Amino acid sequence: EQQIQDGSALARTAKMMNTHSTHPNETARENNETRAVFRRRMQEEDRKKRIFNAKTRTLGVDVEGLEQQIQDKLTTQEIEHERDEAFADRMTTAEYRVMLLDREAARARNEVLKNQEDYRRLYQRKDQRREWDLSDPDSLRKDRPAREGDNDPRLGPSCLQKFGGEDLNHGPRVRKQQQQLSNWVKQQMAETERTYTMKKEMDVIEAERAAEIAERRAQMEEAEIASRQRMNIAVQDYNRALAEARRESTRIQQQDEMADSLEEVHNNLRSDFLNENPNTTKSSIAPHRVLKYHWKGLSPEQLEEIRETQRRQVAEKALMHQQQREEDGQWDLVQEAVRRNMIAGEREVARRRSELNRHMLAEQKRQADEQKEQRHHLDKVVYTNAPTAAYFAQFGTSTR
């Protein structure tokens, strides 16, 4: 909303500038002032955008840190990608093996189900059941008529066609029923035997399929183990060859170091520098000059001369210290006199400062009373109005 109001104000300012520019009585001074005001307002708006926007106010980034983070992230992604590929390869191999096993199991299961369906289609049809006559849809067509003669065994006493004591076919009927029952029993025993035989055959087939699957799985595992063993043997051979080459390189390096050490010992034994040959310290430019890099120390005469010089310097320094002590004593007397004069001056300054402080305290007390009365007047008389929302709304609208 504030940006919309600022845009409207800028538009009104531009319109006023255009209007004044076309006014016939406008002077060059007014035109320049209007343009200056418009330019300052535009600069103020740009400054607000730069200061109040946290994204554009942030200056500079850690380029090296960002590049390092990008490199670390790429390295991590590459490692994760290689690990995912290895896991995917192993998962693919495992899934392929499981798929082969599932395929074999499904084939064996389908074959068993097919044999069951064939057996049921051949030996367990509906028309071969014992209770087929109860659910036969053609039972009415196959049924006999209500009466087939005077000797019809289905006729009861209420039919008034056959009475008790007239059953002439009782013996043949009973034998026929016994024969039929015997046939049913034999048929059931045969069916039970066939079912038992089929079940045994199916169990044998399933056992053979399971053994075949186990054998194939064992063959695959043995092949994998053999492959791993060959790989391990190859790695061991490579490591042994690498270790042998490393030992040979170490032996040659030790021989070279031993030869270099012996040569260094011989050179040190023949070295004029280590043997401190005094002839090597003389310079070819002048006899009194020596070579710094071959000099091994002073001669006894030179050392005695140096000690004599040191003794003479010690005596001179003792005499100098005595003179310095005498001068210090004189300066101490002068400094004591100066100190006494400074103490007297400081006492006078302290007295004057104390007098000035008393005057300043009285003046500060008077000013404090006046300031207290003025503050009471401002709080009770002048500043009696409470700040409104417009007072707080003006903050944050300008960059100045």
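Me: How many helices and how many strands make up the secondary structure of the chain?
Reply: In this predicted model, the secondary structure consists of nine helices and zero strands. Read along the sequence, the pattern is α-α-α-α-α-α-α-α-α.

Me: What makes Tyr119 and Tyr123 an aromatic pair?
Reply: Ring centres must lie within 6.5 Å to pair. The centres of Tyr119 and Tyr123 are 5.2 Å apart, and therefore the two rings qualify. The structure holds one aromatic pair.

Me: Why is the pair of Tyr119 and Tyr123 called tilted?
Reply: The angle between the planes is 40°.

Me: Where do Tyr119 and Tyr123 stand in relation to one another in helix α4?
Reply: Helix α4 covers residues 63-123, and the two tyrosines are four residues apart in it, so about one helical turn separates them.

Me: How do you know whether Tyr119 is buried or exposed?
Reply: Its relative accessibility is 10%. Buried means under 20%, so Tyr119 counts as buried.

Me: Why does Tyr123 not receive the label buried?
Reply: Tyr123 has 39% relative accessibility. Because the buried class lies under 20% and the exposed class over 50%, a value in between is partly exposed, and Tyr123 is classed accordingly.

Me: What share of the chain counts as buried, and what is its accessible surface?
Reply: Of the 400 residues, 7% count as buried. The accessible surface comes to about 35,700 Å², with 54% belonging to carbon and sulfur atoms.

How values were computed:
Residues numbered from 1 in each chain as written. Predicted model: local features only at pLDDT ≥ 70, side-chain atom pairs only at ≥ 80, totals over all residues. Heavy atoms only, no water. Phe/Tyr/Trp six-rings, centres within 6.5 Å; stacked < 30°, edge-to-face > 60°. Buried < 20%, exposed > 50% of the residue type's maximum accessible area, 1.4 Å probe, protein only. Areas by Shrake-Rupley, 256 points an atom, 1.4 Å probe, with all protein chains shown as cover.
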